[in-house]
Amino acid sequence: MPPASNTALLQGTLDVLILKALALEPMHGLGISRRIAQVTRDTFLVKPGSLFPALHRMEEAGWISSQWGESENNRRAKYYELTRAGRRRLKEEVDEWSRIVAAMASALELS
Amino acid sequence: MALWRKVKAVWWNLSHRRAVEADLDAEIDSYRQMLEDEKIRAGADPVAARREALIEVGGVTQVKESVREVRAGAGMDSVTAELRQSFRGLRRNPTLAVLGVLMLALGMGSSTVVFSVFHAALLRPLPFREMGRLVELSETRLSRGIDQCSFTEANFWDVRAQNRSFEETAAYLYNEANLTGVGEAQKVSASFVTAGFFRTLGVAPVLGRDFTYEDDRNGWENHVVILGHRFWRNHLGADPAVLGKSLRLDDRVYTVVGVLPPGEPWINDQIYMPLGYHAGANRSSWEFGAVARLRPGASRESAGADLERIAAGLAQAYPKDDRGIGFRITPSTSWVATDNTRRALWVLLGAVGFLLLIACLNIANLLLARGTARQREIAVRMALGATRARLVRFVMMESLLLSGFGAALGLALAFGALRAIRVAEIPGVPRLADAGVNPWVLGFAAVVAILTGVFSGIAPALQAPAAGIAGTLREGDRQAGNRRHGRLRAVLVTGEVALSFALLVGAGLLIRSFMQLTSVNLGFHTEHRLVFSVNMPRAYWEKEVGKQFLDRFFERLAGAPDVLAAGAVSNRPVEGGNPGMGIDCAMGSTRRAPWASWRIVTPGYFRAVGLPLLRGRIFDENDRPVWGERGKPDPARRVLISERLAKLLFPNEDAVGRHVALWKSQSNLDAEVVGVVADSRERGPAAAPSLTVYLPYGANALVSEFVLQTRGNPLAAAAAVRSIVASLDPNLPVADMRSFDEVVHRAVAPQQFNALLLAVFSGLALLLATTGIYGVLSYATTRRTPEIALRVALGASAGSILRMTVGQGMRPALVGIALGGVGAWWLSRYMTTLLFGVKPFDHATYAAVAGLLLATALAACYWPGRRAMRTDAAVALRAE
């Protein structure tokens, strides 16, 4: 069976989290994973089995680009950064999410 | 932009696969490294850190696999990879590959051959405009039991003038003429057609002009001709300046005014002359074919009603000739193939469909067997993250690959077979010369290949390791779930046997029909006999020219060495036309007059053709034609009749010396019966013996079909015949020269073709079914070796082991035979019209087929059974 299924992650959530994580600075895979855990207060733990496919998919979609560099501890690591298309995508996704959040919030309050 | 990027990504991924993979490896490895560093920094000892990092990354192969899945071009990439893998798999298992490809090649080759014949005969349209509106017209006299006959000339002109349903109506009259002045004298087809004939068909000349109504009005004396394309090519070297040139036909000069476009041989291998309208058109002799083109919007039904109205008018206006007249409309689709040919081709197509199905079942069986053996491999693949869809695709790929190779080989086989069939030139199978590998046939083969691949791959692809991944991977857990596959394979074998049964029954019925057909008593004798025709031009019908020619010809033939007997007849048996007349005993009875064929013969004909005289005498030189000569008193008419006709007309007395009325209710000629001859099958072996009246030849009753009885090989006399004819008149062509045996052989050639093809197909089916039975039982026996060994150890006798295994193998075969019997019984009704002298449910055929299948199945079961019987208990149990 496919490994470590991330059912906890809502469909599409992972993309926006990765884009958001990369919005500040270029990062390598582990860095992205740690950043997401940190900003979501360990709600989302992204495992390599989900992370790498997402990164490669987004790179092919042209939202992020990658290049090899040195890590803080002098390890060779592959760094990802947002492209222009990626920033546009992030903005769209954020808008979309705010709308969903607002809609969900009002729905849940009313019920 | 997005598309471009995608294309670029696909290209990059596929062309730099190694670099891309190395990059991914490095990335995942660096991830793990950093994770390890992190853990060491947090205080873990290096060994523990390393282990924890590995666990956290998860299965590296699985991560990589899931990245590969999302990569652009992943589908294509994996397809090529799988193709390579399947290819390797097949190479590792050459027996399966070779067997599978061979089986499929046989199935596909057969179906390609049949489809190509089918396509040429039935699917490829005739080169006429809007075939749907093109119909054939014929007269009927339903009250006299005649449901289709030719038109009389006068009735045709009336229908043409009075109908409101047809755009154009045209008549034609088949005719032959002697072409002289272009090489050797030869007989050619030179039909008469009315002016609208080509317009009705929707064919326009490529050179010159069509006939005009002006040509028709001038009557029979208008000497212009239009050439068929093939005639123009073969006889005139496709001369582009042929228009205005003249041709000498039957010693008259005709001017060429047009050339038809290329197309069907039967329309293009001849020349056409205007039929011409003439006022005193005949209303009593049925000679003309008629075609018509429906007006746009008119249906065959409405046209039928229109013709009924005309028929009623004609019956009233001409009660003598047209009493009970009706008309019949036949669609033009029947022009290429008769109903029976059509039926036969459908049967053949169905047969190859069955054969292909059997091949599919067999492939499925082979793949299933291998799939069972490969359960561990499949389980490992699943454990490594292969999805269900990918596994299905993987197995399918294999069957598709097999069917692809099978199709390629099958096409090559079909190509060779079609060439052989074309060379054989089987008469009676329409347009066989056009049957070849064309784009349609290639398309058919491609579609069949894909369907075959998918169909034979379904069952194997859907078999998952039944015991689950863990169970399958555990050593020694081999037995679980295999029983289900075994059952599935037995079902497949049952299907194969049932389909083979149906095919074998079809072949058996056709073979028996063919045997009946060739052993039927024809009445006449065909061995050591030569037939040929000498077509006499119009000048021969004047005075005594033709008669003198005949008498001198026979005189010379009598002197020729190796010629034992010679005679001539107006219509060649089997191949010739079949003119008929109403006939009755002279004491005008009131019943409906029997319809009998009539033939003009020379006195020597009966001996030459081997038809024995039963009573009375044969004609002699004093017997004159039944048609009196102008200006002379009516002759004393004498005729011979066939035995069945004699029994019918004079049931309780000797017919010799009695009088009959010829052309009853038309010209009513009185004639005396001077002899009775044996019955003959004038219309070929498949038709019942004819009721026949023989009339004496004479100056105004010439005959042109000759029969010689020879010593030894009949064709050896051919040269002598030609030189005698040439010495009598160099302008007389000798045509259609054959041995009489060949004439009969040609008549049954289509039946032979069908029987032969079906026999080949069912033979292949039997072979496939046998391998199927053998394969399944052989596998099952191997699997049961430990059990059998145990039985042997516990004292089971060799005989009981053999009985047990063979019994197990025979079960699916027996069920298949039972099902096949029912299916064949249900299907064989569609063959009724193709059979001769055999009932569709012919017990002997069914019993023989069942016996044959039983014997083959037993043989296929015997070898695995014997192996089981010889199981060495000690060895087998130790291995366990």
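Let us begin with one pair of residues: B:Ile583 stands opposite B:Leu662 in strand β19 of chain B. The model is predicted, so local features need pLDDT of at least 70 and side-chain atom pairs count only at pLDDT 80 or more, while totals for chains, interfaces and linings use all residues. Residues are numbered from 1 along each chain as its sequence is written, and chains are lettered from A and ligands numbered from 1 in the order in which they are written.

Strand β19 covers residues 659-662 of chain B, and 3 bridges join it to β15(B), the two running antiparallel. Strands pair here if DSSP finds at least two bridges between them. Helices (H or I, at least four residues) and strands (E, at least two) are DSSP runs, numbered from the N terminus. Strand β15, residues 580-585, is also joined by 3 bridges to β16, residues 595-601, and these two run antiparallel. Within β16(B), B:Ala596 is the bridge partner of B:Met581.

I turn now to the whole of chain B. Its secondary structure comes to 28 helices and 23 strands. The radius of gyration of chain B is 38 Å, well over the 29 Å that the globule rule gives for 880 residues, so chain B is more spread out than a compact globule. That radius is taken over C-alpha atoms, and the rule is 2.2 Å times the number of residues to the power 0.38. Along the principal axes, the C-alpha atoms of chain B fill a box of roughly 140 × 80 × 55 Å.

How is chain B divided into domains? There are domain 1 (2-72), domain 2 (131-335), domain 3 (339-519 + 746-879) and domain 4 (536-732); such bounds come from an automatic or database domain assignment. The centres of domain 1 and domain 3 of chain B, taken over C-alpha atoms, are separated by 49 Å.

Next, the interior. A residue is buried if 20 or more other C-beta atoms lie within 10 Å of its own, exposed if 12 or fewer, and partly exposed in between, with C-beta atoms placed from the backbone. By this rule, 40% of the 880 residues of chain B count as buried. In soluble globular proteins, nonpolar side chains tend to be buried together. A nonpolar core is a set of buried Ala, Val, Leu, Ile, Met, Phe, Trp, Tyr and Cys residues joined through C-beta atoms within 7 Å. The largest core has 163 residues, and B:Leu355 and B:Ala765 have the most contacts inside it. Its largest share, 20 residues, comes from helix α24 (residues 740-783) of chain B. Why does this core lie between domain 3 and domain 4 of chain B? Both domains give residues to the core, so it lies between them.

Two residues are in contact if their C-beta atoms, placed from the backbone, lie within 7 Å. Leaving out residues up to four places away in sequence, B:Ala765 touches several residues, including B:Phe354, B:Leu355 and B:Leu503.

Buried or exposed, with 25 C-beta neighbours inside 10 Å? B:Phe606 counts as buried. Beyond its neighbours within four places in sequence, B:Phe606 is in contact with B:Gly567, B:Leu611, B:Leu613, B:Ile618 and B:Val677. B:Ile618 is 12 residues from B:Phe606 in sequence and 8.2 Å away in space, C-alpha to C-alpha.
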